[in-house]
Amino acid sequence: MTEETLVVDTSFSQQSLWLQNRIDPGQAAYNVTAAVRLRGPLDVGALERALGTVVERHEALRTVFDLDEGEPVQVIGPTAPLRVTVTDATPEDYEKIAREELAAPFDLRQGPLIRLSLLRLGERDHVALLVMHHIVTDGASSGIFFQELTAAYQAHLAGHEPRFAELPIQYADFAVWQREHLTGDRLRRLTGYWSKALAGAVPCELPTDRPRPAVLSDRGGTHHFTIPRALVHRLETLARRKNATPFMVLLAAFSVLLARYSGQHDITVTSPMSGRTRPELEGLIGYFVNPLMLRTDLSGDPDFCGLLDRVRGVCLGAYQHQELPFEQATDLLRRQGASARLPGAQVMLVLQAKAPVRWESAGLEFEMAHIDTGTAKADLALDVRPGDAGHHVVLQYSADLFDASTAERLGAHFLSLLEAVAERPERPVSELPLLPAEEREALLAAGNGPEAEPVDGRVPEAMAEWALRTPDAPAVVAGDGALDHAGLDRRAGELARVLRRSGVRAGTPVVLAVPPSCALVVGALAVLKAGGAPLAVDPSLPEETVRRAVAASGARVVLAGDGPRTVDTPGDPAGHGAEEAALLSWAPSPEGAVAITGLGHGAVLTAARDVAVQLSLTGSDRWWCGSKRPEHLLRQMFPVLLRGAALVLPGAPEEEFATASVLSLAGVAPGELPVPPGTATRVVVGDAPDAARRAVELVGDGPARVVRLLDLPETAGPVAWGELGPAGGAGAWRRLPGHGLHVLDGRLEPVPPGVTGELCVAGPVLGFGDRPRAGDPRLVPDPHASRPGPLLLRTGERARRLPDGTLDLLGRADGLFLVDGLRLDLREAESVLGTLPGVGACAVLPHPTACGGTRPVAYVVAAPGERLDVPTLLGALAKDLPAMALPTAVVPLDALPRTAAGEVDAAALPLPDAAPTGGEGAGHIAPRTPLESEIARIWEEVLEVENVGANDNFFDLGGHSLTAVRLASRIRDDLGVDLAIRDLYADFTVAEAAWKVLQRLVDKPDAAQAEAAAGGGPAGTR
């Protein structure tokens, strides 16, 4: 064996892992570990000599890694003695000691990259811990290592040298061959295949228990479960029948699981291939594995057999083109515009070769032991290990994202799915059950409760009772006067007679185009007394919006500030049950029309009772309504007036606000929320989390409860509530007693906790008892009701049920937007924005906020030759849009990112706070500081491009992972700053790189000089 040091190029797989190590140095996720229990007499000296024999035989185990002219290289050294350390431990504490040893990271530059140690539990009882860095080994190599180590130990124990067949090549020979082999037409054929196979692929967006941090750590956990032998046999039979492999069956089932959890139909999973495509590699230790990205199309809801055919085709194509290194495949994705989270890189599936768990040799009994290292290489990795009793499955998960209980549920759902596949593979994949029967029943029980006793009667008669019981008690106080209950009833009766003369009869819709005032309350009650159905429409809305709402209602009478007037509308009032409605509500529909919902008297009375009970309303309460939208007041007036309490409306004298006991802040912008008076004991907010958080801040240590109520346009009142404590936050939603709240899939089956589904409502707030509203596709028979007849409302709102049974709202997927019980259509904002001068293209989308809600954000591309002025755009929008639909930010872009289907790629849009500000954002921005200029120059030299701007993205300019390492090396050489690659991946622009360099420079003694040289933080980024 030569004593000289040999320097050779890395293989492509080694280069990829080396890059990972540079991006995240010091992490242990790529430690390949094994723990083996040894029982019997152990000769530590013979084991140490055996270890030396194997290391001398395989150059990969004597290799470290360095940089040579900006390129990573293997440095193969002579054989150095390796010691086997022995540590005393007890059966109680050895796992903790082992975990620390197995998770200790390697230094790829210093080495060695292999460790073997022993934990001595007794004289004849040891645990051997083997750790190698993945860059010099893989799963098959670990098996070769143990075989040769055992044979060498036997030989040394017997006192002679081991005899092995000479290896035909070493790993370095393979690395050189691979680089020479992957060139020219062969490389073009491979890249052409994978470019097409991965075009438009997106990451799997699994629901997580915690928000994804900007950079994941390697903290992880494991959950173990078993696929029983009988089930394995049935799945293997299915594979043979479909001319597929067991791995293909597992991949198809795993893809179904991921699709059901994520709601996506395009699933990419990474799976490692052995990479040993030539016979001379079979007995060699080294890193040959090449991960393949296997993309499954689940669109069209195929049956499982059809999906298995698709998966088989994907796998066979990938196997035929498996030689393209993973790093080059990921670079293809980046050049196609993939996000920083690459498709498939977060989710892995591995089917191991069957290996013995127990064996005997050299007088020792060996038994494999699993010790969780507490690390994870991916979001989720499903490692399937065949055994005699079935397949042992290790589900490894990122502890940054998932709880142990979530991993346990995932494992149970995968087993349920496999059972369903084996039982009836001809079923559509959407019908394959995920939930075990007990879990399904528990979820339905969490969404249901004892049915609320509905309230019978009619609203005007119930209101009139208070005119008799407490005639002098205040009912409404507003800017246009004040009314007691008797006065309200009298005024409403007088107006009702006028309305009848105008043609209002039973079932006549009447539009109330009146702002919150005594006149609005009187008008609503008058319409009800006349037998009509009131519909509130904010008169300050754009004229076209008001016209469409009136037309959709079929109203023949509009009540405005100047009294009733008749109108000619094409709508049919019978289509939404106006003949029996106590209240009509309107909302934009996903199709762009206006949907009218009729809500019966019993539903309104029941909802009013439930709100009054939840908030402990009494006749002495004074309810301050802060919203200026008449739609809000019309829904809030019933719980208050039907309890004999008083409404205080906007415009009322200030002293009236000072006596309010209940503050309703739904519809009030967070910045306009008032400080509650000392008399307030309840503060009611809607579904906007930012307003809820601000309300908690304003209440402070005061006596008031902050209560959230979830209202929907299609229900007669709130369906869920939440109470916020001093900690603030969004708070969890709980169903109101007596109502059903379910999170269901497209088949109206419950989805697992944490998984996104559609919020569906059951109960007496839906309108007309058990009778569906004519022509309303949102109301369907409730398949989970305890008796025939009840209905279920499909709200279109996306939600998920948390493990504690509460609900989390996630917005909608149809362009609509729920704000405090009112539904807005952001396409209207987009339409208005698109007509403004200087705008070439635009999109308005809901954007998540830090406190858990959403807000409208506009993305705008300037027309050719135009310059965008953000304040001017916002001012123009404010003239034509209601406040709640006004975008909270306008983000200038060079172009709107598009998916392969040509739609706006919402996932690729920048965060509003991270986007360039001012009018220059729509074009090239030159470097603005000396430091930005210096970094731009380095980029131009490394990437061989010209005219690099402050906001240019490194990957958009043709950069890839290896050039990123070269860039970091140049920054270290030219500027004296060691910049971690992982710090750049989240926002890889010149401006961001300059800011990070500045942060490192100011930590040095010459901080003042550095600050002056840099000219401060990059404009537009901080």
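This is a predicted model: local features need pLDDT of at least 70, side-chain atom pairs count only at pLDDT 80 or more; totals for chains, interfaces and linings use all residues.
## Helix 8 against helix 9

Helix 8 contributes Phe247, Met248, Val249, Leu251, Ala252, Ala253 and Val256. Their counterparts in helix 9 are Phe304, Leu307, Leu308, Val311, Arg312, Cys315, Leu316 and Tyr319. Sorted by class, this contact comprises 14 nonpolar residues, no polar residues and one charged residue.

The two helices pack at an angle of about 115°, and their axes lie 9 Å apart. The crossing of helix 8 with helix 9 is right-handed.

## Helix 13 against helix 15

A further helix pair is formed by helix 13 (residues 459-469) and helix 15 (residues 518-529), which pack at about 120° with an axis separation of 8 Å. Helix 13 and helix 15 are therefore oblique to each other. Their crossing is left-handed.

On the helix 13 side, the residues in contact are Val459, Pro460 and Met463; on the helix 15 side they are Leu525, Leu528 and Lys529. The class count for this contact is five nonpolar, no polar and one charged.

Six strands make up an open sheet with mixed pairing, in the order 5-6-7-2-13-12. Strand 5 (85-88) and strand 12 (358-361) each have a single partner strand, so one side of each lacks a neighbour in the sheet. From one strand to the next, the twist averages 25°.

Within this sheet, strand 2 (residues 31-39) and strand 13 (residues 364-369) run antiparallel and are joined by five bridges. Valine 36 has methionine 368, in strand 13, as its bridge partner. Helix 4 (residues 139-158) packs on the sheet, where it touches strand 2, strand 6 (114-122), strand 7 (125-133), strand 12 and strand 13. The direction of helix 4 makes about 130° with that of strand 7.

Another open sheet consists of three strands in the order 1-4-3, and its pairing is antiparallel. Strand 1 (6-9) and strand 3 (63-68) are the edge strands, each pairing on one side only. The twist in this sheet averages 35° from one strand to the next.

Strand 3 pairs with strand 4 (residues 71-76) in the antiparallel sense over six bridges. Aspartate 68 has glutamate 71, in strand 4, as its bridge partner. Two helices lie across strands of this sheet. Helix 1 (residues 12-23) lies across strand 3 and strand 4, running at about 75° to strand 3. Helix 5 (residues 171-181) lies across strand 1 and strand 4, and runs at about 150° to strand 4.

The structure holds nine aromatic pairs.

A pair of aromatic rings is described by the distance of the centres and the angle of the planes. For phenylalanine 174 and tryptophan 177, the centre-to-centre distance is 6.1 Å and the angle between the planes is 35°. The pair is classed as tilted.

How values were computed: Residues are numbered from 1 along each chain as its sequence is written. Side-chain values use heavy atoms; hydrogens and water are left out. Axes are lines fitted to C-alpha atoms, for helices over the stretch in contact, and angles run from 0 to 180 degrees between N-to-C directions. Helices (H or I, at least four residues) and strands (E, at least two) are DSSP runs, numbered from the N terminus. Angles under 35 degrees count as roughly parallel, over 145 as roughly antiparallel, 65 to 115 as roughly perpendicular and the rest as oblique. A crossing is left-handed if the near helix is turned anticlockwise from the far one by less than a right angle, and right-handed if clockwise. Contact means heavy atoms within 4.5 Å. Ala, Val, Leu, Ile, Met, Phe, Trp, Tyr, Cys and Pro count as nonpolar, Asp, Glu, Lys and Arg as charged, and the others, Gly among them, as polar. Two strands pair if DSSP finds at least two bridges between them. Rings of Phe, Tyr and Trp (its six-membered ring) pair if their centres lie within 6.5 Å; planes under 30 degrees apart count as stacked, over 60 as edge-to-face and the rest as tilted.
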